[in-house]
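Please keep the sequence and the 3D view open as you go.

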Protein chains: 2
Amino acid sequence: MTRPNALKLETFLPYRLSVVSNLVSDVIATAYERLFALKIPEWRLIAVIAESDGITQQNIGAKTRMDKVTVSRAAIALIDRTLIERRPNPDDGRSHRLYLTATGRILYEQVAPKALELEARIFAAFDTEQLVSFGQMLARIEQAALEAGEVS
Amino acid sequence: MTRPNALKLETFLPYRLSVVSNLVSDVIATAYERLFALKIPEWRLIAVIAESDGITQQNIGAKTRMDKVTVSRAAIALIDRTLIERRPNPDDGRSHRLYLTATGRILYEQVAPKALELEARIFAAFDTEQLVSFGQMLARIEQAALEAGEVS
DNA sequence: GCATTATGGTTTCAAATGATACTGGATTAT
DNA sequence: ATAATCCAGTATCATTTGAAACCATAATGC
């Protein structure tokens, strides 16, 4: 008897994608926790703020697709550790602008190379062209998923 | 001032991988919840059991990398809905063998095509060759992440 | 201007997740 | 055989996560 719709989980791409992504996230989360006592949302904030000094939480959420609650909590945690600071936003009294402190910048300068090194190790097997193509595929998958999702 | 280590989050692959994967998972989880009232771990169990009748929870965990707690909970939920059933394992009294019930098989026969259709929609932009290459890259990334992780 | 509605951010609550401890059956050593 | 250890699966607990309520300020309609 042949099954009419063979759904082999091992070859089902959404499943594979999820498994591999979770594994990678886990490896990275463990490393960051151990090296810098940073959770993933926290180091993402650091990275984004380092890139875009003075950004608001709202914009961080839009950029990273992190929930605003997650962003808020990460921000508070980083402020407590004086890795970032808030200054009033002259354009909007509800929000504030986020900046790395000196300490935060020093930390960032340690985190960034470690992050890139870890990425390099995980993606070492591929040449530049493959990496570019992989990144492009991710972008197109993202686009398609967004469209598939909004149809509901 | 030039930043010595440009870590552009948008081009940082582990980050991109995580964002896209979460998005895809989310779209799929929403669809399954709406169509079949199944959570992701639950339909994974259904899919695995449909593939490997009589498998134990332990083996499901190994196959899918799901935590044994997750597997246990999903199994109990499916048993409550009489979508799967347990029979004693003659080889080992601690575990049991899992089977789809008739109802479960009927459900599976609805789920599988929907799953494949959803996958097709999300990955529609690619030709077969690209999909194969994408899957191979995932496999190699998985392998590298495992190695990077165990060094710790 | 004042009322209504929208929005940035926080808090609160409920659900999901996974580490740890536990239970009962299996394996190994003596 | 029986003690010691190990392992499948479950229960308990702490942590993480996001939805919804909430607060304060901003924008819009009248």
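Predicted model: local features only at pLDDT ≥ 70, side-chain atom pairs only at ≥ 80, totals over all residues.

Residues are numbered from 1 along each chain as its sequence is written, chains are lettered from A and ligands numbered from 1 in the order in which they are written, and side-chain values use heavy atoms, with hydrogens and water left out.

**How the two copies are related**

**The interface between chain B and chain A**

- Contact here means heavy atoms within 4.5 Å, and it takes 62 residues from chain B and 63 residues from chain A.
- The copies meet through the same surface, because 98% of the interface residues of chain B are also interface residues in chain A.
- About 6400 Å² is buried between the two chains, and carbon and sulfur atoms give 70% of that area (buried area is the accessible area, with a 1.4 Å probe, that two parts lose on being put together, summed over both).
- On the chain B side, L7(B), L13(B) and F134(B) lose the most area to chain A, together 10% of what that side buries.
- The chains share 2 salt bridges (a side-chain nitrogen of Lys or Arg within 4 Å of a carboxyl oxygen of Asp or Glu).
- R16(A) forms a salt bridge with E142(B), and their closest N and O atoms are 3.3 Å apart.
- The side of chain B that touches chain A divides into 39 nonpolar, 10 polar and 13 charged residues (Ala, Val, Leu, Ile, Met, Phe, Trp, Tyr, Cys and Pro count as nonpolar, Asp, Glu, Lys and Arg as charged, and the others, Gly among them, as polar).

**DNA strand C**

- Of the 19 residues around DNA strand C, the nearest are Q58(A), S72(A), R86(A), R94(A) and R73(B) (a residue is near a strand if one of its heavy atoms lies within 4 Å of it).
- Sugar and phosphate make up 58% of the atoms of DNA strand C that come within 4 Å of the protein.
- By class, the surface near DNA strand C has 2 nonpolar, 8 polar and 9 charged residues.

**DNA strand D**

- Around DNA strand D there are 18 residues, of which G93(A), Q58(B), S72(B), R86(B) and R94(B) come nearest.
- Sugar and phosphate account for 63% of the atoms of DNA strand D within 4 Å of the protein.
- Phosphate oxygens of DNA strand D lie 3.1 Å from a side-chain N or O atom of K39(A), 3.1 Å from a polar side-chain atom of T70(A) and 2.7 Å from a backbone N or O atom of G93(A).
- The surface near DNA strand D has 2 nonpolar, 8 polar and 8 charged residues.

Technical notes. Polar contact = N/O pair within 3.5 Å; in protein donor to acceptor, adjacent residues only side chain to side chain.
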